[in-house]
Amino acid sequence: TDYSTTNIQVAGVDEADFVKNDGKYIYVISQNSLIIVDAFPPENAKILSKTNIQGNAQNMFINKDRAVIFSEDSAQIPVIEEFDFVPRPRYTQQTHVLVYDIADRSNPKLIKDYNIKGNYFQSRMIGEHVYFIVTDNVYFYNNFIDLPIIKSSSKTIVRPEIYYFDNPEDNYNFNTVASFNIFEEDDKLNVKTFMMGNSNNLYVSQNNIYITYQKNLPYIFYQRQNEDRFYEVVLPLLPEGFRNRIKEIKNDDDTKAMWDKISGVLEEMYNKLDEDEKETLIEKIEKSIEEYEIKLQSERAKTVIHKIKIDDGKIEYDTRGEVPGYLLNQFSMDEQDEYFRVATTTQLYVGKSVMYNNVYVLNNKLEIIGELPSIAPDERIYSTRFIGDRLYMVTFKRIDPLFVIDMSNPEKPEILGELKIPGFSDYLHPYDENRIIGIGKETSSNEWGGVSVKGVKLALFDVSDVKSPKQLAMYEIGDSGTDSEALHEHKAFLFDKKKNILAIPVREIKNKPYYDSKLGYYRQRVWQGAYVFGLTPETGF
């Protein structure tokens, strides 16, 4: 009666995957086919069916006797441009949403094929409703814009309303959000399209969809940057007499002539300063410009967050907000009660690299009400996990600080404690309320004073004493170059505390390279398979 399901982020919000399990049957997308295996009892296991999937199958949902498969292919779409007289081909990506009746597992039947221009982004399933997002570049040619439409069997069933926002983007995409009931027979879809930037992360709760991307203003916003910097930063630092002369010249309407006069004043000023005065002034200006550039870049290096309400298949745009920095992945976000919580990394370049990390709490209008900025300077976030009133965050440069952050007061998040150990964790997973599992890479110092990355590392942390977290156990797999898909994809991580099972796929580099006399060069010994552990705080891995 017990079986594994997809490792998801939010309870009740299923995530699509290329393998699913319902306790009796295992469903696998392999080589663009849906393969259904009768897996229980295991001694009688057998393949029941193999169904070819149109295009490049991505992943799927299984819900009772229904399967939903998302697939992509390139398509030649006929379009009729404005006042043209014949359809002409447009080559584009196309997403198919395929719904199968699998009541007879030996003979799945395709009952719906929804298709829309663009790339499949992500999807979620809540109860009987599937939500999916497709992104497409805004195609504009000869006064013709190819607008999103959803078809079923070549018949147009939805022309979604398109929404835009008063925030300029350097490049626009159509982000089409759609939902449907997996068991309804008719083609009843809820669909809305939003003109946004290039979406890169998604968080979905029971009530909301959050779409995020990096803020990217058009070039026109930066055209006056040097001019503004001169008047705001440089001019106030110049000797008073030369400063006043430049202010008078600034009123000149002819920009070219104006700068010729200003540069003449600057030359005269530098000629009258002795070497020490000149050096002191230049150092002061350079320092002020660096501070100005850091402030300017930090104001621009932001993540845009769009919030879309969902309820029983309904889709309604709510609001938008911004936070400084960029998000690592979906685990950088979390919703609790009326609050949305995020962890970001800010990285700036002002002649040198400036990097630090931040935690923000936003209210239901996506306004920042609490913040914890500038955590772990010169490091970036490698993994985060929000669990209840705590945030566990791993940053890395030379060592692995695991931060325990209290989120119980939304207006005042604070660091409770940190643990510094070699290596880093790419993914964090709860063991119980006082312990957390990390999976990443082990590291060591090398002979050149840098850091060498070694094998895959599993660690169990005790955070019961939040001011002094501890590493209870550690296990390292393989040498440098060893990898696991679980480091990059949380769905590849399987943990069952009740059964005391932890399993991950591994590509292991074993020992040192050996000389292959047949090929005439050194080769690495590579092993691929699964590592399966027992794990308890007392015995470790």
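In what sense do β24 and strand β25 pair, and over how many bridges? They pair in the antiparallel sense, over ten bridges. Before going on, note that what you see is a predicted model.

Strand β25 covers residues 353-362, and β24 covers residues 339-349. The two form a hairpin with three residues between them. In that turn, Gly351 has a positive phi of about 85°.

Met333 has Val342 as its bridge partner in β24. β23 and β24 make a hairpin too, with two residues between them. Here the turn contains Asp337, with a positive phi of about 55°.

How much of β24 is buried? Eight of its eleven residues are, so the strand is mostly covered, taking buried as under 20% relative accessible area.

The largest one has 30 residues. Those with the most contacts inside it include Phe340, Val342 and Leu362, along with Val177, Ile209, Ile211 and Ile305. Leaving aside neighbours within four places in sequence, Leu362 is in contact with Ile305, Phe340, Val342 and Ile368, among others.

Ile368 lies in strand β26, residues 368-375. Why does Ile368 count as partly exposed? Its relative accessibility is 35%, which is between the 20% limit for buried and the 50% limit for exposed. Beyond four places in sequence, its contacts include Glu322, Val323, Pro324 and Tyr360. Met355 is 13 residues from Ile368 along the chain, and their C-alpha atoms are separated by 21 Å.

Last, the charged residue. Glu169 sits in the loop between β16 and β17. Glu169 is buried yet has no salt bridge. Which side chain of opposite charge is nearest to Glu169? That is Arg320, 5.5 Å away. The side chain of Glu169 does make a polar contact of 3.1 Å with the side chain of Tyr213. Not counting residues up to four places away in sequence, Glu169 touches Tyr213, Gly197, Asn216 and Pro218.

That is the end of my part.

Key: Residues numbered from 1 in each chain as written. Predicted model: local features only at pLDDT ≥ 70, side-chain atom pairs only at ≥ 80, totals over all residues. Heavy atoms only, no water. Helix = DSSP H or I, 4+ residues; strand = E, 2+ residues; numbered from the N terminus. Buried < 20%, exposed > 50% of the residue type's maximum accessible area, 1.4 Å probe, protein only. Lys, Arg positive; Asp, Glu negative; His and termini not counted. Salt bridge = Lys/Arg side-chain N within 4 Å of Asp/Glu carboxyl O. Polar contact = N/O pair within 3.5 Å; in protein donor to acceptor, adjacent residues only side chain to side chain. Contact = heavy atoms within 4.5 Å. Core = buried A, V, L, I, M, F, W, Y, C linked by side-chain atoms within 4.5 Å. Pairing = 2+ DSSP bridges.
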